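Please read the points below alongside the model, which they take up one topic at a time.

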Amino acid sequence: MCAPLAALSLAAALLPYSRAQAQHNATMYFMRDLPAVNSLNPAFHPEAGSIYVGFPLISSTYVDAGITLKGMNIGNILSNRPQVSSAAANPSFRESGYANVDVNLLNVGAFVHGMYFTLDVTEKTRFEAAFPSDLVKLAWHGNAPYVGQIMSIDGLGAYLSSYAEVALGATKEVVRNRIVVGGKVKRLMGVGFADLNMGRGAFISTDAETWSTTVGIAPEASIAGISSNIPSGGAFDYDTINNSFEFKGFSGGGWGIDAGFEIKSERFSVSGSIVNLGGIRWSAKQVALQKGSLIRSFYGVQNNGETNNITDIIDSLKRETFWGRSKKTLQWMSPTLTIGVAYHLNGHFDIGALAGITTSRYNSYPLLALSLNTRRYPINGSISYSYAHSHNLGMGVVLGRRDMQLHFICDNILAASYHTAQKISIRAGLS
């Protein structure tokens with residue numbers, strides 16, 4: 001039973017560009033008294049009680065954010081003078097930052113005729129940005145070390161999406177006290193979506209003779225969930241983009257599925273799941289430069305004392321003509337694959353090991369974690385240690401086993417010192 005776990009752990013360790021954790025909930029995974037654990041593996045159901053209701057808006061709220069760039073942390077990002085020397089020393093081919101917020105609007109679960117049924121309504125917001133390593137090096141070292149070179153900024157971009165998720169799930173014991181399977185079908189309703197990238201072939205170069213810096217970009221954006229007077233199939237100017245947005249409601253729809261299993265014995269249990277598999281098709285407006293690309297050179301301080309710096313590229317864009325058209329855009333979700341092994345030490349404690357990986361548009365985020373969990377107490381808890389790039393210590397507490405539960409979980413309590421934290425992951429609620 002441990003072979004899949006070992007294979008997944010090895011794959012996660014070998015994946016390139018995999019730095020920070022995202023959407024794994026390492027501390028909560030083995031907290032089986034908590035109804036919200038069903039969102040991580042649909043084969044899981046609460047071990048205390050036969051029905052639960054999560055209060056709207058306060059049943060569970062989850063905030064997860066981080067940056068993959070080694071040497072950077074929350075303290076640096078918030079500082080007026082960030083220390084990025086270590087970050088520029090050895091960046092990966094592509095780095096990224098991300099933020100996820102889940103707000104549970106309604107959660108209901110109940111046992112009916114030996115099966116466990118769930119209904120979950122959740123508002124989810126996802127953000128991710130990517131920046132190539134050449135841009136990180138240029139920001140720290142300046143252009144002097146790269147005179148005569150062309151530095152690629154291909155891949156520089158970001159996206160933001162917000163959508164409502166309505167999930168219907170069922171869990172069934174197929175072999176008594178041994179094998180449990182579960183699954184969910186999700187209806188995804190898109191609220192808003194924005195996708196911006198600098199285009200293929202984007203570059204920055206410095207001429208060896210004149211020391212002029214040339215920037216070449218082909219900016220393109222797709223926007224959904226916002227109404228505007230941007231014409232479809234026609235040209236328009238910058239001011240049309242800048243002064244015409246207002247929220248118009250749902251403009252995307254799609255489907256998703258979760259699936260999971262658990263195999264149990266007297267002492268051991270092995271579980272696995274894949275969640276957030278699916279996508280949303282958006283009715284978007286696509287905006288791009290009419291001539292395709294913009295190439296602009298900057299020469300620093302001129303003989304007449306006037307400056308010509310890289311910030312002038314905004315003014316250049318304002319003078320350009322854009323092209324807009326309606327387009328169907330498919331956005332895939334960020335699926336998470338996990339495999340866990342738990343060992344029952346006694347009637348009060350479990351230990352567990354968890355391996356997983358979340359794939360997203362710009363990066364893959366692996367997870368390796370160990371946990372210790374209490375059981376059968378009015379106050380239940382979990383302590384976890386997880387590793388991907390940074391070492392994270394997590395802690396979770398559940399107050400109450402039946403009738404009412406209050407939970408607070410943090411996957412990285414080291415984030416209390418923002419000078420060293422690269423990520424923050426917090427979940428709290430009442431059910």
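1. Arg32 lies over the face of Phe44, at 3.9 Å from the ring centre, where a charge sits over a ring if NZ of Lys or CZ of Arg is within 6 Å of the ring centre and within 35 degrees of the ring normal. Phe44 also belongs to one aromatic cluster with Tyr29 and Phe30.

2. This is a predicted model, in which local features need pLDDT of at least 70 and side-chain atom pairs count only at pLDDT 80 or more, while totals for chains, interfaces and linings use all residues. Residues are numbered from 1 along each chain as its sequence is written, and side-chain values use heavy atoms, with hydrogens and water left out.

3. Rings of Phe, Tyr and Trp (its six-membered ring) pair if their centres lie within 6.5 Å, and planes under 30 degrees apart count as stacked, over 60 as edge-to-face and the rest as tilted; by this rule the count comes to six aromatic pairs. One of them, Phe111 and Tyr116, is tilted, with 4.8 Å centre to centre and 45° between the planes. Phe111 is partly exposed at 33% relative accessibility, whereas Tyr116 is buried at 2% (buried means under 20% relative accessible area, exposed over 50%, partly exposed in between, with a 1.4 Å probe and protein chains only).

4. Phe193 and Trp282 form a stacked pair, 5.3 Å centre to centre with 20° between the planes, and both residues are buried. This pair links distant parts of the chain, 89 residues apart, with Phe193 in strand 7 (residues 179–197) and Trp282 in strand 15 (residues 268–289); strands (E, at least two residues) are DSSP runs, numbered from the N terminus.

Terms used: Helices (H or I, at least four residues) and strands (E, at least two) are DSSP runs, numbered from the N terminus.
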